[in-house]
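Trainee: I have a fold on my screen and I would like to learn how to read it. Can we go through it feature by feature?

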Amino acid sequence: MPTFDRSATIGFGLNPLNRLSEKRHDEAFVAARRRDPSTRFMAFVGDTPVLDKSSGELDPLFQAGQLAALGEPVRDVFLGQDPQGRALFAVAYAAGLADAAAALPDLQLTDLRSVAMRGLFRPDVLGELGGAKAILHWHQRHGFCANCGAASAMASAGWRRDCPACGAQHFPRVDPVVIMLAVDGERCLLGRQPRFAPGMYSALAGFLEPGETIEDAVRREILEESGVPCADVRYFASQPWPFPSSLMIGCFARALDTRIVVDTTELEDARWFTREEAAQMLAGTHPAGLSAPKPYAIAHHLLKAFAEDGPALL
């Protein structure tokens, strides 16, 4: 599967589907693709992917008849067409079916983080799974009109919700997040939150705010969380992050000071790491047992780029 940019090499970043957005309004077209024998379905019970294990290997792609034991889905969304010309739908079943689905001999429920961490599927399939989870979760959380409070209805093959009461149209939400390394020559700044695995440090991160550029958000978040002022922000890559629906925007920034004042409401600790330490953390050989995020996360790739290229990134 060819990749055209750095972002496509990061977990959830490779999604080769032709979204056929110009066809979403055509209900007859979408219905015909839903009935097509070549069409495949990605199924979720609540937020958890359903995997087919009937062949002895796990597979997230189903034919329509394979899902009959789960009954009628809550909703489905037309995701697009794969490079082989097959349509792909995301199908949602009620979370209450989890035990029943897990008891079926040919099905297995595995949360998406575990799927990504274990590298169960090809990068393009993982990207499709991430997109499917994100759009289904949006429908699950946005069933009512934010303008008037009335129940809204799916439209445009699942890519819009319409309010029959006030006529408002609502579109899927993506939350932009900056994730970044402050760099001081041969050192980079990493932090850890209490929820992290013991010994793991990662890039700092935070949500963009209204009226803020990516560069402003990078500088603000680093300053707020660590007290380190920065300049010269440089974009690195982005990552769709379906937990529940963010876009991680990876950057580097040049530190103007090296004194750290940790915001303990956000972080448990923050410190400077040398390039050698970064390489050790990535390889699992750090003498203090410190570790880095796994390869499916963009933070891993930011740290890897720093370990390999250091100050040249800025």
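Trainee: Which strand order does the open sheet of 5 strands have?

Mentor: Remember that this is a predicted model. As a general idea, strands of a sheet pair through backbone hydrogen bonds, either parallel or antiparallel. Here the order is β3-β4-β1-β2-β5, and the pairing is mixed. β3 (75-81) and β5 (107-109) are the edge strands, each pairing on one side only. Direction ignored, neighbouring strands of this sheet are turned by 30° against each other on average.

Trainee: How many bridges pair β3 with β4?

Mentor: There are 6 bridges between β3 and β4 (residues 87-93), in the antiparallel sense. One place to look is phenylalanine 78, which stands opposite phenylalanine 89 in β4.

Trainee: Which helix packs on the sheet?

Mentor: Helix α4 (residues 123-141) does. It touches β1 (40-45), β2, β3 and β4. The direction of α4 makes about 145° with that of β3.

Trainee: Now a hairpin. How many residues lie between β9 and β10?

Mentor: There are 2 residues between them. Glycine 185, in the turn, has a positive phi of about 60°. β9 (residues 175-184) and β10 pair in the antiparallel sense over 2 bridges. Aspartate 184 has arginine 187 in β10 as its bridge partner.

Trainee: Which other strand is joined to β10?

Mentor: β14 (residues 269-274) is joined to β10 by 6 bridges, and the two run antiparallel. Cysteine 188 stands opposite phenylalanine 273 in β14.

Trainee: Why is β10 described as largely enclosed?

Mentor: Count its buried residues. In β10 (residues 187-192), 5 of the 6 residues are buried, so the rest of the structure largely encloses the strand.

Trainee: Which residues have the most contacts inside the largest nonpolar core?

Mentor: That core has 52 residues, and those with the most contacts inside it are Phe12, Met42, Leu79, Leu181, Leu190, Phe252 and Phe306. Take leucine 190 as the example. Its contacts beyond four places in sequence include Leu181, Tyr201, Leu204, Phe273, Met281 and Leu303. A second, separate core has 18 residues, among them Val178, Cys251, Ala255 and Leu267.

Trainee: What does the UniProt record place at residues 172-296?

Mentor: An unreviewed UniProt entry places the feature "domain: Nudix hydrolase" there. In the model, this span is 18% helix and 38% strand. Its end C-alpha atoms lie 24 Å apart.

Trainee: How do I read a polar side chain? Is glutamate 277 buried or exposed?

Mentor: Glutamate 277 counts as buried because its relative accessibility is 15%, under the 20% cut-off. It lies in helix α6 (residues 275-283). Its side chain makes a polar contact with the side chain of arginine 271, at 3.0 Å. Beyond four places in sequence, glutamate 277 touches Arg271, Trp272 and His286.

Trainee: Where is serine 245?

Mentor: Serine 245 lies in the loop between β12 (230-241) and β13 (246-255). It is buried, with a relative accessible area of 13%. A polar atom of its side chain lies 3.1 Å from the backbone oxygen of arginine 173. Other contacts of serine 245 include Ala134 and Asp175.

Trainee: Which residues does the cis peptide bond join?

Mentor: It joins phenylalanine 243 and proline 244, with omega of about 5°. Proline 244 is also in the loop between β12 and β13.

Trainee: What is the phi of leucine 20?

Mentor: It is positive, about 45°, although leucine 20 is not a glycine. Leucine 20 lies in the segment before α1 (27-35), and it is buried at 10% relative accessible area. Serine 156, also not a glycine, has a positive phi of about 50°. Look for serine 156 in the loop between β6 (153-155) and β7 (160-162).

Conventions: Residues are numbered from 1 along each chain as its sequence is written. This is a predicted model: local features need pLDDT of at least 70, side-chain atom pairs count only at pLDDT 80 or more; totals for chains, interfaces and linings use all residues. Side-chain values use heavy atoms; hydrogens and water are left out. Buried means under 20% relative accessible area, exposed over 50%, partly exposed in between (1.4 Å probe, protein chains only). Helices (H or I, at least four residues) and strands (E, at least two) are DSSP runs, numbered from the N terminus. Two strands pair if DSSP finds at least two bridges between them. UniProt positions are given in the numbering used here, feature names are shortened, and annotations may be inferred rather than shown by experiment. Axes are lines fitted to C-alpha atoms, for helices over the stretch in contact, and angles run from 0 to 180 degrees between N-to-C directions. Contact means heavy atoms within 4.5 Å. A polar contact is a pair of N or O atoms within 3.5 Å; within protein, one must be able to donate a hydrogen and the other to accept it, and residues adjacent in sequence count only if both atoms are side-chain atoms. A nonpolar core is a set of buried Ala, Val, Leu, Ile, Met, Phe, Trp, Tyr and Cys residues joined through side-chain atoms within 4.5 Å.
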